[in-house]
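Have the viewer ready and keep the selection panel handy. We will walk through one chain together, stop by stop.

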Amino acid sequence: MTLDPLPKYRFLVTLDPGDAYLPSAQALLLPLVASGAFQEVTGLGAQLEVTSYPEGGRNDSVHQLPLRHSWNRIVLKRGVVRDPGLWAWYQAGLGDSLGARRDGAVIVLGPDGIPGAAWAFHGGLAAKWSGPDLHAEQNAVAVESLELAHEGLTKVLQDTVANPLSPLNRRR
């Protein structure tokens, strides 16, 4: 296993909860079942809201107390294609938000094409769809974006990706 940083230009996005946990040999097939070819993925992150609490008689510091944890929205951007998959998912959530929730994963590939890091998201809901900005004087690809609100991220380690019998995978 190499400790070199992973390139950020090779990644996959899946909307099937089991994809991130495939054995290495099967993980090579992910490009065949990925949910779409995306140009950009942003929003892998979280934050902890903290409040300051000054203690009476103590002037050298202020306590920092945690309040609540929240997850950033994951934003997927891709060139507009004629496949209505992402739009259909967004539209399904308008009528039945509970039925439109999906788990999925963002998988970063190493230079050899093998998954090097993965983040699984849970309870994802297509929260915002944005159509392309059109401009007649530019020769650029029309890009649509989809924001996913979700209920949590799990960092899937490399040994978990390679070992389907790990405790994390048995939990599913």
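**Stop 1: the whole chain.** Show everything as a cartoon, and keep in mind that this is a predicted model. Trace the chain from the N terminus and the elements come in the order β-α-α-β-β-β-β-α-β-β-β-β-α-α. Among contacts with a separation of 6 or more, 66% join residues 24 or more positions apart.

**Stop 2: the surface.** Of its 172 residues, 33% count as buried.

**Stop 3: confidence.** Colour by pLDDT next. The chain averages 77, and 74% of the residues score at least 70. Now select residues 17-21, where pLDDT stays under 50 and the model has 17 contacts beyond four places in sequence. Then select residues 159-172: pLDDT stays under 50 here too, with 25 contacts beyond four places in sequence. Where pLDDT is low, the predicted coordinates should not be read in detail.

**Stop 4: the second largest pocket.** Which residues lie nearest the centre of this pocket? Select Lys-8, Phe-11, Val-41, Leu-44 and Val-108, which hold that place among the 14 lining residues. Two elements, β2 (40-42) and β6 (102-109), each give two or more residues to the lining. The largest share, three residues, comes from β2. Colour the lining by residue class and you will see nine nonpolar, three polar and two charged residues. The space inside comes to about 250 Å³.

Note on methods:
Residues numbered from 1 in each chain as written. Predicted model: local features only at pLDDT ≥ 70, side-chain atom pairs only at ≥ 80, totals over all residues. Heavy atoms only, no water. pLDDT = per-residue confidence, 0-100. Contact = heavy atoms within 4.5 Å. Helix = DSSP H or I, 4+ residues; strand = E, 2+ residues; numbered from the N terminus. Buried < 20%, exposed > 50% of the residue type's maximum accessible area, 1.4 Å probe, protein only. 1 Å grid on protein atoms, 1.4 Å probe; cavity = no way out; pocket = protein on both sides within 12 Å on 5 of 7 lines; lining within 4 Å. Points joined across faces, edges and corners; volume = space filled by probe spheres on them. Nonpolar A, V, L, I, M, F, W, Y, C, P; charged D, E, K, R; others polar.
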